[in-house]
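Here's a quick briefing to read alongside the coordinates. Have a look at the fold first, then go through the notes.

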Amino acid sequence: MHAIVVVAGEVDERDIWPYAQWSDSDGTHTTLTAKVHDSQELVGVLAALTALGLQIVSTRLIAEPVGRHDTAQPDP
């Protein structure tokens, strides 16, 4: 799953490596996209951001779509 996290302030995706995949900042808020496998990893990402002194504004989880290779049936 992917977590989209918005924090007050500026942060670089390298600050939550290896989870972060993308970040963008408008100077006031930073939006990060992080790949997490479970809620424990999400808590770790949020803890790392708060340890940097950042305030979490919002968090949203997005399930990854199932790929074709995960559901493909063998040819008869």
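Pro 18 sits in the loop that links strand S1 (2-8) to S2. This is a predicted model, and the peptide bond between Trp 17 and Pro 18 comes out cis, with omega at about 10°. That's worth a mention, since most peptide bonds are trans.

**Hairpin**
- Strands S2 (residues 20-25) and S3 (residues 29-35) run antiparallel, and five bridges join them.
- Trp 22 has Thr 33 in S3 as its bridge partner.
- Three residues separate S2 and S3 in this hairpin, and Gly 27 in the turn shows a positive phi of about 95°.

**Nonpolar core**
- The largest nonpolar core has 13 residues, and Val 7, Val 11, Ile 16 and Leu 49 are the ones touching the most other members.
- S1, S3 and helix H1 (39-51) each put at least two residues into this core.
- Leu 49 contacts Val 5, Val 7, Val 11, Ile 16, Leu 32, Leu 54 and Ile 56, leaving aside neighbours within four places in sequence.
- As background, nonpolar side chains tend to be buried together in soluble globular proteins.

**Confidence**
- The average pLDDT for the protein chain is 85, and 84% of the residues score at least 70.
- Across residues 68-75, though, the pLDDT is below 50, and the stretch has one contact in the model beyond near neighbours in sequence.

Note on methods
Residues are numbered from 1 along each chain as its sequence is written. This is a predicted model: local features need pLDDT of at least 70, side-chain atom pairs count only at pLDDT 80 or more; totals for chains, interfaces and linings use all residues. Side-chain values use heavy atoms; hydrogens and water are left out. Two strands pair if DSSP finds at least two bridges between them. Helices (H or I, at least four residues) and strands (E, at least two) are DSSP runs, numbered from the N terminus. pLDDT is the predictor's confidence in each residue, from 0 to 100. Contact means heavy atoms within 4.5 Å. A nonpolar core is a set of buried Ala, Val, Leu, Ile, Met, Phe, Trp, Tyr and Cys residues joined through side-chain atoms within 4.5 Å. Buried means under 20% relative accessible area, exposed over 50%, partly exposed in between (1.4 Å probe, protein chains only).
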